[in-house]
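Me: I'd like to learn how to read a protein model. Could you walk me through it, one feature at a time?

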Amino acid sequence: MCHNCAVTAGPAPTAGAAPSRRAVAKLLAAGAGLTALAACTPDGGTQPPSSSSPTGTSASASPTAASSSAGPETSAATELGTVAAPAPATTSAPTPTSPAAGLAKQYSLTDPASPWLVVNKHRPLSPADYVPADLVQPNIALAVSGEAAQLNSTTAAAAEQMFAAAARDGVTMTLASGYRSYGTQVATYNSYVASRGQAEADTASARPGYSEHQTGWSFDIGDGGGACSFQPCFADQPAAVWAKANGHRFGFVVRYPWMFHEITGYYYESWHLRYIGVEAATDMAARGIATLEEYFGLEAAPGYL
């Protein structure tokens, strides 16, 4: 997620209704001006590009049914960034009937230091201002600097291996946005609220304390040349195509896949990769499971509780 640097330009589809490709294109065109927010910090999703929809999407509430606490006119003065997020779900491991329950080694779903941590609109970080203890700058091509060039040490090591493998296949890949602190997410989210109102901000940017970027387990990729950066067309660029097909070999999944926004809460982000470990990522790929929520037996999280 500049998990995401593009902002949706209009209300998300209602429950159970996938947007038409023509409507999606119009929305993207209207919102294109916000895709270049400073340092590519936005942490939300974009409308999906033209592609075939996978089967098995479960529809619940729409992402626009986000927050009941404020209306679309809420400004950047909103102090969401200073209020502690509610306690996360109590589930500390995959449900016994989930696909992940069959793996030999199990990890926590709530500990921010766990590779299986699931943070979404129903599952905030605890503590909300969590900072990884092992942030490092990976030895890979960087398109950013400062905190955005950092990952936790486990993700960084896996990224180095993946980027090297991509290079051997002739594919250029860059780190376009990595770690994002709680304070940065406060500024990022509030800038979206000021520009688009809270309802739309909640479809495009994670509220402070709800961002995967804050965990050090996720990052956004680019192609080195800036082609289609944080735009739906990036899905057709070699870096995105290669990462989608090969990321699991290094422990990565595309966290916000095409047409699963009713489960993840965000539109397709072909650039946003999440580390969960080689065993789990490979198992997900083999089973054809698209989201962490489904794999770990968790409820869909299309909007904030």
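Me: Which residue of β6 stands opposite Phe 219?

Reply: Two strands pair if DSSP finds at least two bridges between them. Here, Leu 273 in β6 is the one opposite Phe 219. The strands β4 and β6 pair in the antiparallel sense, over three bridges. By the way, this is a predicted model, where local features need pLDDT of at least 70 and side-chain atom pairs count only at pLDDT 80 or more, while totals for chains, interfaces and linings use all residues. Residues are numbered from 1 along each chain as its sequence is written, and side-chain values use heavy atoms, with hydrogens and water left out.

Me: How many bridges join β5 to β6?

Reply: Four, and these two strands run antiparallel. In this pairing, Phe 252 stands opposite Tyr 275 in β6.

Me: What counts as a strand or a helix, and how many of each are in the chain?

Reply: Both are DSSP runs numbered from the N terminus: helices are H or I with at least four residues, strands are E with at least two. This chain has eight helices and six strands. Starting at the N terminus, the order is α-β-β-α-β-α-α-β-α-β-α-β-α-α.

Me: How many residues of β6 are buried?

Reply: Buried means under 20% relative accessible area, exposed means over 50%, and partly exposed is in between (1.4 Å probe, protein chains only). For β6, seven of its seven residues are buried. Across the chain of 305 residues, 55% count as buried.

Me: Let's zoom in on one residue. Where is Ser 218, and is it buried or exposed?

Reply: Ser 218 belongs to strand β4, which covers residues 218-222. Ser 218 counts as buried because its relative accessibility is 0%.

Me: What does the side chain of Ser 218 reach?

Reply: A polar contact is a pair of N or O atoms within 3.5 Å; within protein, one must be able to donate a hydrogen and the other to accept it, and residues adjacent in sequence count only if both atoms are side-chain atoms. Here the Ser 218 side chain reaches the backbone oxygen of Glu 212 at 3.2 Å. Plain contact means heavy atoms within 4.5 Å. Leaving aside neighbours within four places in sequence, Ser 218 has contacts including Leu 151, Gly 178, His 272 and Arg 274.

Me: Which residue forms a salt bridge with Glu 212?

Reply: A salt bridge is a side-chain nitrogen of Lys or Arg within 4 Å of a carboxyl oxygen of Asp or Glu. Glu 212 forms one with Arg 274, with the closest N and O atoms 2.9 Å apart. This pair links distant parts of the chain, 62 residues apart: Glu 212 is in the loop between α4 (198-204) and β4, while Arg 274 is in strand β6 (residues 269-275). Glu 212 is buried at 1% relative accessibility, and Arg 274 is buried at 0%.

Me: Why does the salt bridge of Arg 255 and Glu 293 tie together separate parts of the sequence?

Reply: Their side chains meet at 2.8 Å, N to O. Arg 255 sits in strand β5 (residues 252-256) and Glu 293 in helix α8 (residues 292-295), so the pair ties together parts 38 residues apart in sequence. Arg 255 is buried at 1% relative accessibility, and Glu 293 is buried at 0%.

Me: Which residues are linked in a network of salt bridges?

Reply: Glu 212, Arg 255, Arg 274 and Glu 293 are. The count for this structure comes to six salt bridges.
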